[in-house]
Amino acid sequence: MNLVQDLALILVLAGIATVIFKWLRQPVILGYIVAGFLAGEGTDILPTVEDVTDVEIWAKIGVIFLLFGLGLEFSFKKLLGVGKNALIAAAVIIPAMILLGFIAGQLLGWSPADSFMTGCMICMSSTIIIIKALSDLGLRQRKFTQIILGVLIFEDLAGVVMMVLMSSFSEVSGAQTGVLLSILKLAFYLVLWLVCGIFFIPAILKKFRGMMSDETMLIVSVGLCFGMVSFAIKVGFSAEFGAFVMGSVLAETVEAERIEKLMSPLKDLFGAIFFISVGMMIRPEVLSTYWVPIVVISFTVVVGQMIFGTIGTLLSGEKLEDAVQGGFCLVQVGEFAFIVASAGTESGLCSAFLYPVVVAVSVITIFVTPFMMKLAPSAFAVIQKKIPEKWLHTLDNRTSNEKSDETKSVWKSLLFSLTEILGVYGVVSTAIVVIASGYLFPALMEIENSALGICIRVLFLIVIVLLLSPLLRAIMVKKNHSKEYKFLMAEGRWSLFAVMALTISRFVVSAAFLYFTVHSAFPSLNPIVPLLISFGLCYLFVKARAVKYYSILIERRFFHNLNMREYEKQKEIEKKNIFKNTSLSKSLSIHDLHLSEFVVEANAPCIGKTLIELNYRNVYNIQIVSIIRGKKRINIPEGREMLFPEDRLLVLGTDSDIKKLTDEFADRTEGFLENNPVSLEQIVIKEGSSLVGETILDSGIKVKAKCLVVGLEKHGVSLISPSIKTKFEVGDILWVVGEKEGIDMIKQDNIKEEAFDEKK
């Protein structure tokens with residue numbers, strides 16, 4: 001009964017604290033921590049928990065569900081989608097904050113292990129807190145938020161990696177070797193689980209979709225989660241890592257949103273228990289003893305994130321104003337730090353006092369976050385006055401149109417593709433070979449070495465070889481007929497030699513897989529025999545049409561499963577006839593132009609007026625590029641188009657201009673609509689183009705291609721909304737908004753052909 005009483009106590013306190021903190025407009029996580037503090041042994045104000053051990057078990061389950069939910073929201077495709085800008089910012093912020101935390105710990109006289117763990121804890125900001133603060137302050141539509149949210153994704157991933165590597169860092173001897181092996185082991189199992197999971201699980205869930213009620217889906221999801229948790233523990237990883245991986249696999253399925261919705265109550269309940277357990281770890285005597293380190297580390301977090309967050313965001317390509325705003329958003333220690341601190345304390349990697357210290361630092365920094373975000377504009381104004389105007393202009397007008405050497409670019413593309421191929425197919429092939437040579441064939445060796453035993457081993461060897469054949473063929477053959485291969489083969493002797501060396505190396509790697517397989521089945525054979533068999537089988541795999549067919553089939557199946565969620569979304573979008581665009585995050589980097597969505601409210605002043613009457617282009621310097629009205633969609637609307645209540649508008653402009661426009665529509669929706677057919681593209685006018693010498697008006701870009709020229713870079717000078725009488729020249733860079741078909745028409749330089757055909 002103690003468990004029931006303890007749960008009743010902490011949940012009642014959590015409910016009361018949550019209501020109070022919502023009334024105070026503070027994050028509910030703070031409410032949970034306060035509730036845990038009151039229910040813990042450190043206070044006598046209220047009845048306390050009797051059996052802390054039981055609560056800790058529930059808290060561990062809460063961590064599993066939190067990581068599973070994070071995986072559902074994460075998706076490795078989403079990681080690739082945030083782009084290199086977020087990666088650049090994260091690559092600056094994470095190492096810098098780890099180093100800063102380490103220095104702070106050393107100055108406080110802590111051990112190197114405690115100092116390093118302090119840096120690991122303070123390098124991760126809070127996704128929940130930042131999203132809430134951005135929404136409360138009306139900043140979700142600002143362009144810099146996309147970079148910040150991308151940085152948070154990389155920080156969460158870094159936290160997962162830290163938990164996996166903790167056991168290696170805690171080893172006294174051979175730490176470096178242990179860490180390296182753990183990294184390789186992590187990469188191997190991560191690729192293996194993701195590839196196998198995406199290959200099988202989405203197809204299985206789709207096949208039995210009709211039988212999956214909400215109850216069944218919840219049970220299956222939780223079962224898959226705990227199944228992967230158990231498997232991860234058996235191979236030497238943490239339970240949290242297993243939950244995260246399974247969440248990432250399920251994130252690629254058609255049922256991802258449904259699973260996330262069903263798991264939300266469980267995640268919220270057990271997550272609340274976890275944060276309450278965090279609060280229970282706080283002791284007043286610890287806080288009084290370590291108040292100086294708490295203040296020092298809190299100051300380190302705020303100042304460090306302000307500086308390095310701003311530098312990282314600036315290096316990612318953002319304007320200085322947005323970089324400052326982004327840096328001031330990150331000034332808190334996130335909830336992931338609690339998980340890392342808990343894992344570090346349990347493994348003995350850090351001292352026990354560090355947990356409550358980090359929790360206290362988190363509470364302080366979370367509390368000051370909204371105030372720091374409001375302070376960002378004032379800080380930018382001060383910085384703007386201090387730095388030379390020339391520097392400011394250079395920072396805000398950076399461009400990335402530098403041309404790289406074509407051969408290097410082709411080599412980079414080819415090597416990246418080959419690494420990806422070898423990584424995916426090689427990991428799966430390694431898993432098959434390890435299972436066969438480490439478990440299957442040793443077990444078969446126990447059978448008497450008779451004709452029957454040999455036949456059984458030959459039979460299983462044939463099965464393993466057939467399983468490996470499409471995988472090894474992909475390693476040997478894929479990209480051999482690509483444009484990159486053909487280009488490099490014609491570049492010269494050095495490139496030809498390098499390409500041939502790559503081809504031979506891939507052939508040798510594939511033969512090595514087969515050699516180990518054959519040798520493990522028949523270790524008594526002369527080594528030359530399995531070697532010849534291996535090379536012969538590799539040659540057969542390359543030439544056999546059946547192997548090629550199954551190799552292509554497997555690849556198509558994998559990518560179909562990987563993109564199944566997008567396929568289903570596309571079908572729904574086509575049925576509903578709403579916006580579809582995957583390129584809304586694209587922007588004019590040099591002028592902060594980006595796309596935002598607005599909803600016209602019932603009493604908005606713009607209702608009943610045409611676009612000509614409103615004249616937003618001249619008044620606010622913005623463009624309305626799409627209007628959605630019920631099931632009707634109007635792209636690149638004409639001036640006589642009138643606005644009505646509940647119209648949804650896709651507007652192109654800068655942050656400052658869009659902010660001025662807000663009152664015209666009275667309400668801004670949060671975030672961006674996904675899958676919209678209107679996109680923003682950059683087009684370079686090359687020599688021989690039919691656009692050379694034409695004005696914007698006569699070019700047919702708006703009339704024939706249904707696109708707008710919203711920006712123009714000419715002779716190093718950048719123009720927004722250029723005059724329709726502007727003539728195009730060779731080397732001009734156009735920023736064009738329109739549908740894919742129209743943009744493709746401009747890229748293919750067939751606008752004039754369309755006009756000529758219509759005249760005939």
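A residue is called buried when its relative accessible area is under 20%, exposed when it is over 50%, and partly exposed in between, with a 1.4 Å probe and only protein chains considered. The model is predicted, and local features need pLDDT of at least 70, side-chain atom pairs count only at pLDDT 80 or more, and totals for chains, interfaces and linings use all residues. Residues are numbered from 1 along each chain as its sequence is written, and side-chain values use heavy atoms, with hydrogens and water left out.

The chain as a whole comes first. Of its 760 residues, 49% are buried. The chain contains 30 helices and nine strands; these are DSSP runs numbered from the N terminus, helices being H or I of at least four residues and strands E of at least two. Contact means heavy atoms within 4.5 Å. Among contacts between residues at least 6 apart in sequence, 80% join residues at least 24 apart. The chain exposes about 37,300 Å², and carbon and sulfur atoms supply 64% of that area; accessible areas come from the Shrake-Rupley method with a 1.4 Å probe, and for residues only the protein chains shown count as cover.

Helix α1 covers residues 2-23. The expected span of a helix is 1.5 Å times one less than its number of residues. For the 22 residues of α1 this gives 32 Å, and the end C-alpha atoms are 32 Å apart, which agrees. Which residues of α1 are buried? They are D6, L7, L9, I10, L13, A14, A17, T18 and F21. Seen down the axis of α1, these buried residues fall within an arc of 160 degrees, so they line one face of the helix; the arc is that of the directions from the helix axis to the C-beta atoms. An α-helix has 3.6 residues a turn, so residues three or four places apart point the same way. The face of α1 turned away from the buried side carries the exposed residues V4, V12, V19, K22 and W23.

V12, which is found in helix α1, also belongs to a nonpolar surface patch with I16, I20, W23 and L24; together they have about 550 Å² of accessible area. Patches are made of residues with over 30% relative accessible area and no salt bridge, like charges being joined within 9 Å and nonpolar side chains (Val, Leu, Ile, Met, Phe, Trp, Tyr) within 5 Å. After α1 comes R25, whose phi is positive, near 60 degrees.

V547, S551, F558, N561 and L562 are buried in α24. They cover an arc of only 110 degrees around the axis, which puts them on the same side of α24. R545 and R556 are exposed on the other side of α24.

Charged pairs form the next topic. A salt bridge is a side-chain nitrogen of Lys or Arg within 4 Å of a carboxyl oxygen of Asp or Glu, and the structure holds eight of them. In the salt bridge between D732 and K714, the closest N and O atoms are 2.5 Å apart. D732 lies in the loop between β8 and β9 and K714 in strand β7 (residues 707-714), so the pair ties together parts that are 18 residues apart in sequence. Both D732 and K714 are buried. R258 forms a salt bridge with E255, with the closest N and O atoms 3.5 Å apart. R258 is partly exposed at 23% relative accessibility, whereas E255 is buried at 4%. D214, E255 and R258 are linked in a network of salt bridges.

Two individual residues complete the account. S221 lies in helix α10 (residues 214-234) and is buried, with a relative accessible area of 2%. Neighbours within four places in sequence aside, S221 is in contact with F68 and I259. P722 is placed in the loop between β8 (717-720) and β9 (733-739) and counts as buried at 5% relative accessibility. Not counting residues up to four places away in sequence, P722 touches R617, I696, V709, V710, G711 and L712. P722 and V710 are twelve residues apart in sequence, and their C-alpha atoms are 7.0 Å apart in space.
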